[in-house]
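Colleague: I'd like a walk through this model, one feature at a time. Could you give me the general idea before each case?

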Amino acid sequence: MQIEKYVIDEHNHQLAKKHQRNFEHVAADVNNLDNVLTKLQAFNIAIPSWALGTGGTRFGRFSGGGEPRSLEEKIEDVGVIHALNRSSNSISLHIPWDIPDNANSIKQLAAHLGLHFDAVNSNTFQDQADAAHSYKYGSLHHVDKAVRAQAIEHNIQVINYGKELGSKALSVWLSDGSNFPGQLNFREAFQRTQKSLQEIYNALPNDWKIWIEYKPFEPNFYSTTIGDWGQSLLLANKLGDKAATLVDLGHHLPNTNIEQIVSLLLMEGKLAGFHFNDSKYGDDDLTVGSINPYQLFLIFNELVEGMDARGMEHATSIGWMIDASHNVKDPIEDLLQSVQAIKIAYAQALLIDTEALKAAQQGNDVALAQEILQQAYRTDVRPLIAEASLQAGGSLDPISAYRKIDVRNNLIKERGLKTVATGL
Ligand code: PSV
Ligand code: MN
Ligand code: MN
């Protein structure tokens, strides 16, 4: 299924008057309007291949209809998202959930839809049917060299798939850890992980990066070998310039000050990028901005401030990706909502009066500093995002267009009502 531009234009036409009124209202107070619109148009967030089907939990999975049955259909779904919002021009593959054996035709299909391939993700947290060794007790940190070798080999294979697709980064998340005190020697587990990562690092092409994701718990509940940003940063520093720390918003214990972590990783030149999602308890993988949009805004405040201080291009200097999936929403609608939430936080951060904030900080005017941030946060920036999307050929209101065009029912007709997406 592909959405024709004229269909989006027709829908935009119906919303045009209201949009114009709302846009003029916000735009009147924005000093750097052109800059904000240009930055919003340049900004894209990658879609993970595993988010296009209904996620499910270990207690059950309730399939939606018309889910993609193959990698090609997942790419088509990302094409739908990108056609509507003009902000999702890449897809991130998890291997072996998706195996791009036919790289050329996959690449062609993606290019036809205006898409390219973001980071490739390896998977050594599940046993594969034909694998000689089990990851029951870990992968890159495993006590057995043969298991480590198998996991290293898998990562190198993922790099090779990525090379064929034009990816430029390998994203590594390890479930390695322990469930009980005494199970593991922490220092040795860390050192083995470092050695294994070094071998993978050595196989990276010159223009590639390795992104090291951390997570405090789950599936292990006593220790995780790369459990927090300190452990990830330690590894990234030991490995070298191509290695950096990936921040998945759901991978923090409750109330962690994620924005402060982001600020310092940026300062060190070691912020690889993001897996965006939201959570109330743990790694909930909920829709971005659905629980704590203020935190998301504060993260973008640090990003914009920190990137500007270092002269970094917002859109391209780090990796932007969603990592969310769950049981109860249409995955495409969910992803449209996530991208929208990220763009809202970004646009609000672009509106912060940075000079006034700096002055308030220097003068210890705490109340004014808070006012300045909240002034930006409380601005309804949705018309700015709609305008940026319109100018880029997208929809003024992607979700309502998606419903109006009746995409899901068309997908059900094409793919069937009972479909199970490959992946999670
Ligand atoms: C682990 O919880 C994680 O966040 C990693 O990024 C995985 O690759 C992804 O989820 C898979 O769902
Ligand atoms: Mn993640
Ligand atoms: Mn996660």
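Colleague: What average pLDDT does the protein have?

Modeller: pLDDT is the predictor's confidence in each residue, from 0 to 100. Where pLDDT is low, the predicted coordinates should not be read in detail. Here the protein averages 96, and 99% of the residues score at least 70. Confidence is lowest in helix 15 (residues 407–415), with a mean of 95, and highest in strand 9, at 99.

Colleague: Which peptide bonds are cis?

Modeller: Most residues other than glycine have a negative phi, and most peptide bonds are trans. In this model a cis bond joins Ile95 and Pro96, with omega about 15 degrees; Pro96 sits in the loop between strand 2 (90–92) and helix 4 (103–112). Another cis bond links Glu218 to Pro219, with omega about 10 degrees, and Pro219 lies in the loop between strand 7 and strand 8 (223–224).

Colleague: And where is Arg86 found?

Modeller: In the loop between helix 3 (71–85) and strand 2. Arg86 isn't a glycine, yet its phi is positive, about 50 degrees.

Colleague: In what order do the six strands of the open sheet come?

Modeller: Two strands pair if DSSP finds at least two bridges between them. The order is 4-5-7-9-10-11, with parallel pairing. Strand 4 (120–121) and strand 11 (319–322) are the edges, each pairing on one side only. Strand 10 (residues 271–276) is joined to strand 11 by four bridges, and Gly273 stands opposite Gly319 in strand 11.

Colleague: Where does helix 1 bend?

Modeller: The bend at a residue is the angle between axes fitted to the seven residues ending there and the seven starting there. Helix 1 bends by about 55 degrees at Ala16. As for span, the expected value is 1.5 Å times one less than the number of residues. Helix 1 (residues 5–27) has 23 residues, but its end C-alpha atoms are only 26 Å apart, short of the 33 Å a straight helix would reach.

Technical notes: Residues are numbered from 1 along each chain as its sequence is written. Chains are lettered from A and ligands numbered from 1 in the order in which they are written. This is a predicted model: local features need pLDDT of at least 70, side-chain atom pairs count only at pLDDT 80 or more; totals for chains, interfaces and linings use all residues. Helices (H or I, at least four residues) and strands (E, at least two) are DSSP runs, numbered from the N terminus.
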